[in-house]
Amino acid sequence: MTKQQKITLSASRDIPFNKLMLSQSNVRHVKAGVSVEELAEDIARRTLLSSITVRPVLDDSGAETGMYTIPAGGRRFRALELLVSSRRMNKTALVPCIVRMDGLAEEDSLAETVQRAPLHPLDQFRAFQAMREKGRTEQEIAAAFFVSASVVKQRLKLAAVAPSLLDAYAEEEMTLDQLMAFTVNPDRARQEQVWAALQRHYSWQPYEIRRMLTEGAVRASDKRAQFVGTGDYVEAGGEILRDLFQQDDGGWLQDAALLDVMVREKLAEEAEAVRAEGWKWLEVDTEFPYGHTFGMRRVHGEAVPMSDEKVARYQALKAEYEAFEAEHAKVDELPDEVDARLGEIMEALEARPIRFEADDLALAGAFVSIDSSGRRRVERGYVRPEDEPVEEVEDTGEDAPQAAAVENVDDTVVSTTDEEEEDDGLKPFSDRLVMELTAHRTLALRNTLALDPQVAFLAALHAMVLRLFYRYAVDSCVEIEPRNAAFGSQVPGLGDTAFAQAIDQRHETWARNLPKASEDLWEVLTEFESCSREALFAHCMAMSVNAVHDPSQRRPRAIAHADVLAGTVGLDMANAGWTATGDSYFGRVTKARILEAVREAKGDDAADRIARLKKAEMVTAAEDLLSGTGWLPEPGLPPLKWSSAMFRKTEEYHGQQAPEARRDCHEVTAG
């Protein structure tokens with residue numbers, strides 16, 4: 001039996017740095033990994049942790065010259081060279097080297113590179129955790145490995161996941177993205193519950209993991225959280241779940257019950273300040289349904305005169321706001337600091353106090369709630385119908401006329417007395433005669449008005465404004481009855497939409513610019529410029545539109561006309577701000593409808609991927625997949641898919657309008 005030859009390792013030797021030089025046999029030509037500068041700093045801190053492989057340079061006779069080439073370890077050599085050039089290391093400093101004589105230099109270079117096993121990410125997470133447990137701060141760990149402190153926090157967060165999940169990651173049973181999703185909730189027991197539940201699911205998308213781990217929590221972007229403030233919530237003992245690996249809009253408030261208590265308490269405090277203003281009644285809630293003021297008359301106060309100092313500050317803020325707008329006019333998205341400052345300026349400009357008359361305070365009340373941005377919303381000056389004062393009939397002191405005669409159809413008056421009154425004095429016209437005379441006048445007025453479109457437009461506008469802005473006003477002979485239907489009470493969150501807020505703001509602006517007394521309205525309207533009248537007419541007409549499909553009121557032709565009207569004005573619900581979410585659509589329809597939506601927007605492959613999910617998971621997946629696509633459900637949410645004929649008619653209609661007139665009236669409306 002042949003005796004097995006023992007392996008002899010290459011000799012190690014300390015060689016002065018100035019006796020080393022790079023070899024052309026190094027197989028690494030593409031730069032990758034840690035930079036030479038970072039490696040130099042690491043060597044300066046910890047010295048050289050691994051020897052450099054070298055080969056002696058031989059002369060023509062085969063004798064060593066005392067110089068050595070480096071076929072493997074070129075980056076380490078360049079790092080040492082950088083330290084020498086910066087006078088942080090002597091050029092004769094000894095460098096630990098492995099001297100190779102056999103084989104090829106290219107083989108040494110390739111073997112050293114290929115045989116080096118990369119560190120598994122989990123080992124790095126655990127190494128950072130071990131250093132943290134031994135007293136190193138996150139900043140010290142970050143400085144030692146040339147990474148940011150946020151990266152260290154992420155690695156420590158990953159290392160803190162339940163051990164069973166880390167084992168699954170090590171065995172490649174889950175991806176790094178899935179492991180990162182589990183860090184959103186530090187409760188290891190909950191992590192393991194979700195991991196076990198995922199074993200029964202078809203898809204393990206990270207967003208599903210995050211959703212399951214944050215069930216029951218409230219997003220920090222929720223208006224209730226914004227109203228209370230996350231700082232106060234944490235101070236009260238609440239916990240916030242954060243996601244270090246993607247944008248989380250401030251995280252999730254885990255204690256929803258605590259948040260609700262804090263919201264009620266703070267809202268009650270805010271309401272007391274409003275109650276102190278002297279209103280007859282006050283209603284307080286986090287949110288009121290859209291249209292909750294329907295049927296109530298609103299009284300408007302007057303702005304309190306400002307002092308010279310406040311006027312100067314107002315003008316300065318306004319100038320600053322206009323300067324910001326001019327500077328960023330062409331920017332699609334404002335920087336965060338600019339956006340925050342503009343919000344502060346707007347809040348300061350709108351904070352001018354309003355004074356109400358004592359009589360109005362004794363009749364009206366206010367609603368106190370929270371707006372979509374988390375600020376207190378106060379709607380003042382609403383008078384309930386039952387609180388409206390009853391108009392008293394003026395007592396003239398005269399006796400009421402006695403019904404002495406009964407009118408015949410031929411205008412013959414039959415007296416209830418035996419004697420005919422032969423008095424030549426003026427007597428009132430009979431009701432029949434008055435009816436006939438006014439009938440003639442009405443038809444003549446109709447005919448004359450039909451020949452004067454401008455006055456006809458003014459009369460229609462006058463009638464609509466009376467009924468929309470003045471309660472119980474009967475100051476018009478025009479029988480146009482616009483009705484602002486209170487359909488919004490059935491739709492939660494409708495009042496926070498961009499279009500609802502735009503309508504409310506426009507209505508409030510017009511209300512403040514109209515006279516308080518209805519009898520003064522006609523004169524004011526005649527003094528308006530034509531574009532102002534057109535803008536007000538468009539607002540009033542729009543307020544009367546009702547395209548809501550109500551099962552209790554079948555109006556198929558009206559709904560069909562709404563589609564035509566939407567096509568004519570070019571309505572696009574996606575541009576208007578409506579998006580399909582779990583609350584607004586997906587959670588309200590069947591799984592088949594959800595898959596149909598995903599298939600339309602993202603294709604068959606996307607729909608097939610979520611087809612086996614349960615309803616809750618499918619809703620979340622669809623919401624994520626369709627985010628930003630602008631997809632709209634076809635039935636009931638215009639625009640429907642227009643026919644080419646309707647599209648041509650719409651284009652023809654808009655093309656006939658004078659561009660200058662459309663622009664001017666748009667500016668009036670926006671103002």
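**Aromatic pairs and charges over rings**

The count comes to 10 aromatic pairs in this predicted model. The rule: rings of Phe, Tyr and Trp (its six-membered ring) pair if their centres lie within 6.5 Å; planes under 30 degrees apart are stacked, over 60 edge-to-face, and the rest tilted.

Take Phe 182 and Trp 195. Their ring centres are 6.2 Å apart and their planes are at 75°, so this pair is edge-to-face. Phe 182 is in helix α8 (residues 176-182), and Trp 195 is in helix α9 (residues 188-198). The two are 13 residues apart, so the pair links distant parts of the chain. Helices (H or I, at least four residues) and strands (E, at least two) are DSSP runs, numbered from the N terminus. Phe 182 and Trp 195 are both buried, meaning under 20% relative accessible area with a 1.4 Å probe, protein chains only; over 50% is exposed, and in between is partly exposed.

Next, Phe 367 and Tyr 382. This pair is edge-to-face too, at 5.9 Å centre to centre and 65° between the planes. Phe 367 lies in strand β13 (residues 365-370) and Tyr 382 in strand β14 (residues 376-383), so the pair ties together parts 15 residues apart in sequence. Both Phe 367 and Tyr 382 are buried.

Now the charges. A charge sits over a ring if NZ of Lys or CZ of Arg is within 6 Å of the ring centre and within 35 degrees of the ring normal. Arg 384 has its charged end over the ring of Trp 281, 3.9 Å from the centre. Lys 266 does this over Phe 227, at 4.9 Å.

Housekeeping. Residues are numbered from 1 along each chain as its sequence is written, and side-chain values use heavy atoms, without hydrogens and water. As the model is predicted, local features need pLDDT of at least 70 and side-chain atom pairs count only at pLDDT 80 or more, while totals for chains, interfaces and linings use all residues.
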